[in-house]
Number of protein chains: 2
Amino acid sequence: MGYINVGIIGFGTVGAGTVEILQKNRQTISSRVGSEIMVKNIADLDIKSDRGISVDPSILTTDALDIINDPEIDIVVELIGGVGKAKEYILAAIDKGKHIVTANKALLAEHGKEIYQAADEKGTGLAFEAGVGGGIPVIRALREGLAANNIKIIMGILNGTSNYILTRMAQSGLAYGEAVREAIALGYAEDPPDLDVDGTDAAHKLALLISVAYGAPVSFDNIYREGIDRLTPEDIRFAAEFGYSLKLLALARDLGGKVEARVHPAMVPLDHIMANVNDVYNAVYIEGDFVGQTLYYGLGAGRKPAGSAVVSDIIALAREIQNGVRTFIPPLGYARFKKTYIPIQSIDSLTSEYYFRFSAVDKPGVLSRIAGILGDNMISIASVIQKERKVNGSVPIVMLTHEAREKDVSKALKLIDRLDVLTDKTMMIRVEEA
Amino acid sequence: MGYINVGIIGFGTVGAGTVEILQKNRQTISSRVGSEIMVKNIADLDIKSDRGISVDPSILTTDALDIINDPEIDIVVELIGGVGKAKEYILAAIDKGKHIVTANKALLAEHGKEIYQAADEKGTGLAFEAGVGGGIPVIRALREGLAANNIKIIMGILNGTSNYILTRMAQSGLAYGEAVREAIALGYAEDPPDLDVDGTDAAHKLALLISVAYGAPVSFDNIYREGIDRLTPEDIRFAAEFGYSLKLLALARDLGGKVEARVHPAMVPLDHIMANVNDVYNAVYIEGDFVGQTLYYGLGAGRKPAGSAVVSDIIALAREIQNGVRTFIPPLGYARFKKTYIPIQSIDSLTSEYYFRFSAVDKPGVLSRIAGILGDNMISIASVIQKERKVNGSVPIVMLTHEAREKDVSKALKLIDRLDVLTDKTMMIRVEEA
């Protein structure tokens, strides 16, 4: 049996998981591939710490260039993260004709065009299954399993940290801050958890899904994003009363020529399969024009699931090397790399249903003044709950709208929030009927 | 742009869906593949009926051999079903060196060994994504996305007809017969619906999943199967009281050296994601040793979803042809074809939790006699519901057991059903805690 040499740059959580799988499942993997996969070198600034696995110390190096410049290494696995050194290493390795495996969604989301183009020009493989949804093979589903389809909708719960926080708020009524502290204590969140809870991480992953669905890079800054930090357990309770669950959704929709792309908290019908994705689990819902509705579900992060995705990419590239082909399926799943960015529709042009929670003084006529402004802006009300109980000295008026335009909603809420009877900024959450 | 010629044998529902997708999504597909996919011929005994798509009549033939013997055809798509002619055509096409796409789970489940072996010896591709779970790319998930893992558990809702019937019984309290008639009227079930409701169809699909998970053929008759026809709305209600949903499950579990493989109605905890798979939807839950729990969900049948899977296989094989490789990934996902059947554990050796519904006369002491026999057979009771209302003149005694051995359960139920206080055969349903 032949062998294929792999070099791993970055010996952190995912790097250690990758090495562990290649060791423990060596036999299964080689019987699937038909070659042995050998970890020839691992580069990390820290080559002393115990990773809980036994590695021959002679394969450790502090210099990534030992891997990039080694002509015997076929596949370079980049797992250091970030957009600085990682980019430099990946471009250098591509230049040397190496196949690349990476889990670096931030890099591909923000600098994808340059990297996809370099891989395309050099004809090297570039695989990033671990960049989205941990071990869930969703990049593969788009590149291969659903390749017969035009992708109409992608809807993802892509950030396990946020999903854990929202699940705890929903199931135990915790306040946002309490749920965050719990997530940090359990190791599910960084301290502070900024990129996870502000929508950036989910938007990175959405950018990758869009690129693979439509075959071109995405201009990351055009993806609208909003975090979960302003949500309250009260909103989650009201959502449930209306028949919805509150999730941080990443959403893309084919508009023909351009794509809707946004990350924000959203209300999902309780009987939708996405509403039942809880804790640190991720899920991606994909609708194709022929396959209809599909869903992919699993653990979105962690040493083992992410390692599983990295090794599946190593296996795919090893199968290419063994068959003597280069880029059997190009990185974005399309035969020809399109250099132009996929046009993203501005959030202002969105049409959606909305949930509003107004904090108002308990006086007659308040609802009529609010409804008047909504009506003036062509926003029609679908249902209203006006509770008697006071929250922080004011009365919540909660409503769902029919379909309205985001632009009109922004304008109306600005006017409403200026009313003297409003005691706090209005909470607005988009509703996804899916 | 080059082109790749496809011949389709069988112009029924899935055949028409396949042609429709290749026509309507021609541009998307060719931009993904880098070649045009041309339907050179379609063979069917009926070349007159309207399939709702426009096809050049000159490509229609009533003779499958026109396709099999055509040296210009690269990929033969078998969609006639059944285990007679279909087997003959596939083996003949493999012999001619054609790549094969098929949706024929019955054929592969019952005669897989011969076909896998022929494809292996000839070095041709053999793809059957449409054989399991309609458009859900679950064969691919096992062959590629989860290839780093040893597969521990596969749990599938694989028959949309049965799932529709059980959903209707659960949601509207219909009797089994009423739900079946409704399914037939809606076109979700054949009349009579035998293979769908007796577990055979799901077992065919399970055989394929097991073969791809473990890389060898399965002796189909060793898969235990039981249908849904004996279930009552009452059992579904009791299941809900205990916190479970009733599903027709196909189950495989790695026992190290052998595999548990069975299809039967089972109780699934209501908060398990499988419990929320309703109507004609299918889902496959796969647990790998590193990826953990994953789920794949979508429409399990129908012209469009099945067509989507067939075309995804055509695309995969077209990519191989274009890259000048043969069997980039072998049919079962392992480099070397294993001719020996995967050992299947007998159902008698199963250990499970059980639900029993005893139909007994309303007399004191009945429960104690039942419990005595259970105890004698090392079956311990976890909880009991003894309702006062009478059903058909007898009182249902419903219980859940702790883990017990199937062999003991069979023996105990045989003894209990002989008691003079029992008015009907005892209902036994296995409980899957997952």
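1. Tyr297(A) stands opposite Leu295(B) in β12(B). Strand β12 (residues 292-299) of chain A and β12(B) run antiparallel and are joined by five bridges. Two strands count as paired if DSSP finds at least two bridges between them. Helices (H or I, at least four residues) and strands (E, at least two) are DSSP runs, numbered from the N terminus.

2. A word on the source. This is a predicted model: local features need pLDDT of at least 70, side-chain atom pairs count only at pLDDT 80 or more, and totals for chains, interfaces and linings use all residues. Residues are numbered from 1 along each chain as its sequence is written, while chains are lettered from A and ligands numbered from 1 in the order in which they are written.

3. Symmetry next. Chain B superposes on chain A by a rotation of 180 degrees with 0.0 Å of shift along the axis, at RMSD 0.0 Å. That is the relation of a two-fold axis. In chain B, the C-alpha nearest the axis belongs to Tyr296(B), 2.4 Å from it. The superposition is by least squares on the C-alpha atoms of residues with pLDDT of at least 70 in both copies.

4. The chain-chain interface. Here 50 residues of chain B are in contact with 50 residues of chain A; contact means C-beta atoms, placed from the backbone, within 7 Å. The elements giving two or more residues to the chain B side are α2 (26-33), α6 (138-145), β12 (292-299) and α12 (303-322). The largest share, nine residues, comes from α12(B). By class, this side has 25 nonpolar, 19 polar and six charged residues. Ala, Val, Leu, Ile, Met, Phe, Trp, Tyr, Cys and Pro count as nonpolar, Asp, Glu, Lys and Arg as charged, and the others, Gly among them, as polar. Of the interface residues of chain B, 100% are also interface residues in chain A, so the copies meet through the same surface.

5. Domains. Chain A is divided into domain 1 (2-135 + 303-322), domain 2 (138-299) and domain 3 (350-431). The bounds come from an automatic or database domain assignment. The C-alpha centres of domains 1 and 2 of chain A lie 27 Å apart. Between these two domains, 16 residues of domain 1 are in contact with 17 of domain 2. Helix α5 (residues 105-122) of chain A gives the most to the domain 1 side, with eight residues. That side has seven nonpolar, five polar and four charged residues.

6. Helix α4 (residues 85-95) of chain A. Its buried residues are Ala86(A), Tyr89(A), Ile90(A), Ala93(A) and Ile94(A). Seen down the axis of α4(A), they fall within an arc of 130 degrees, so they line one face of the helix. The arc is that of the directions from the helix axis to the C-beta atoms. A residue is buried if 20 or more other C-beta atoms lie within 10 Å of its own, exposed if 12 or fewer, and partly exposed in between, with C-beta atoms placed from the backbone. The cover over these residues includes β1 (2-9), β4 (75-78) and α5 of chain A. Just after α4(A), Gly97(A) takes a positive phi of about 80 degrees.

7. The sheet in chain B. Six strands form an open sheet, ordered β3-β2-β1-β4-β5-β6, with parallel pairing. β3 (60-61) and β6 (126-127) of chain B stand at the edges, each with a single partner strand, so one side of each is left without a neighbour in the sheet.
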